Amino acid sequence: MQHRSVRELMTREVVTARPDTPFKEVAELFHRNDITAVPVIDDQDRPIGVVSEADLLRKEAVLPDPEDRHPGRWLRPAEQARAEAETAGGLMTSPVVTARASWDVGEAARRMDRHRVKRLPVVDEAGRLIGIVSRADLLQVFLRHDGAIREEIVHEVLGRTLWLPPDAVSATVQDGVVTLTGRLPRRSLLPVAERLCRAVDGVVAVHLSLDWTEDDTGTAFEHPRAHRAGGR
């Protein structure tokens, strides 16, 4: 089982800016390429920051009302300096949060969530920019067809990983929701089967309707998602 990698999902032709790129040229890059942010790179093509639409809009937010009814948004000194910046180097958010092409979807998603960013410039071992991956790119895994998800679960999870015979457990997938029905050889495999299915790219949820042959857990606790058909 392998998650899709950042390398598979990232955009390789990245629109970039330099620290001395003028404000208006950055705005033109957004408009011309239908994008909402650009990495700022140095002379060695290493990302040193990111300029987003929010960074450009900050300049509008601090402008006073022409009729002097609103003084404009108050900003802390550092933010005020960025609002008044004339180049990408002054506008950018830095340091930049990056990803590696070898990362899987989960690792990239966790980094985005942890740092509350919408995109990650992708760098090589030398720190040079080789791509960019966005939230929308990572969400592509949920566009997988149900048939492809079911095939991976049947062959990779149930067959190659859990070593179950073909008639032991059946899997159905509807809108990314997986339902497993049948009998496992051991009760302890219930959470394992659920965890492995949840790890498959494109899975939204997993429902278990499973019995077991041997209770090897030594506890009366029943997995909350499991349903014992045998009633022993």
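Asp-211 is buried in the predicted model, its relative accessible area being 2%. Because the threshold for burial is a relative accessible area under 20%, a value of 2% places Asp-211 in the buried class. The residue lies in strand 8, which spans residues 205-214. The side chain of Asp-211 forms a polar contact with that of Arg-183, at a distance of 2.9 Å.

At the level of the whole chain, 9 helices and 8 strands are assigned. The chain comprises 232 residues, 38% of which are classed as buried. Among contacts in the chain with a separation of 6 or more, 58% are accounted for by residues 24 or more positions apart. The accessible surface of the chain amounts to about 13900 Å², and carbon and sulfur atoms contribute 50% of this area.

Helix 2, formed by residues 23-33, has four named positions in its buried set: Phe-23, Val-26, Leu-29 and Phe-30. These residues lie on the same side of helix 2 because they cover an arc of only 120 degrees around the axis. Exposed residues Lys-24, His-31 and Arg-32 are carried on the face of helix 2 that is turned away from its buried side. Just after helix 2, Asp-34 adopts a positive phi of about 55 degrees.

Methods: Residues are numbered from 1 along each chain as its sequence is written. This is a predicted model: local features need pLDDT of at least 70, side-chain atom pairs count only at pLDDT 80 or more; totals for chains, interfaces and linings use all residues. Side-chain values use heavy atoms; hydrogens and water are left out. Helices (H or I, at least four residues) and strands (E, at least two) are DSSP runs, numbered from the N terminus. Buried means under 20% relative accessible area, exposed over 50%, partly exposed in between (1.4 Å probe, protein chains only). A polar contact is a pair of N or O atoms within 3.5 Å; within protein, one must be able to donate a hydrogen and the other to accept it, and residues adjacent in sequence count only if both atoms are side-chain atoms. Contact means heavy atoms within 4.5 Å. Accessible areas come from the Shrake-Rupley method with a 1.4 Å probe; for residues, only the protein chains shown count as cover. The arc is that of the directions from the helix axis to the C-beta atoms.
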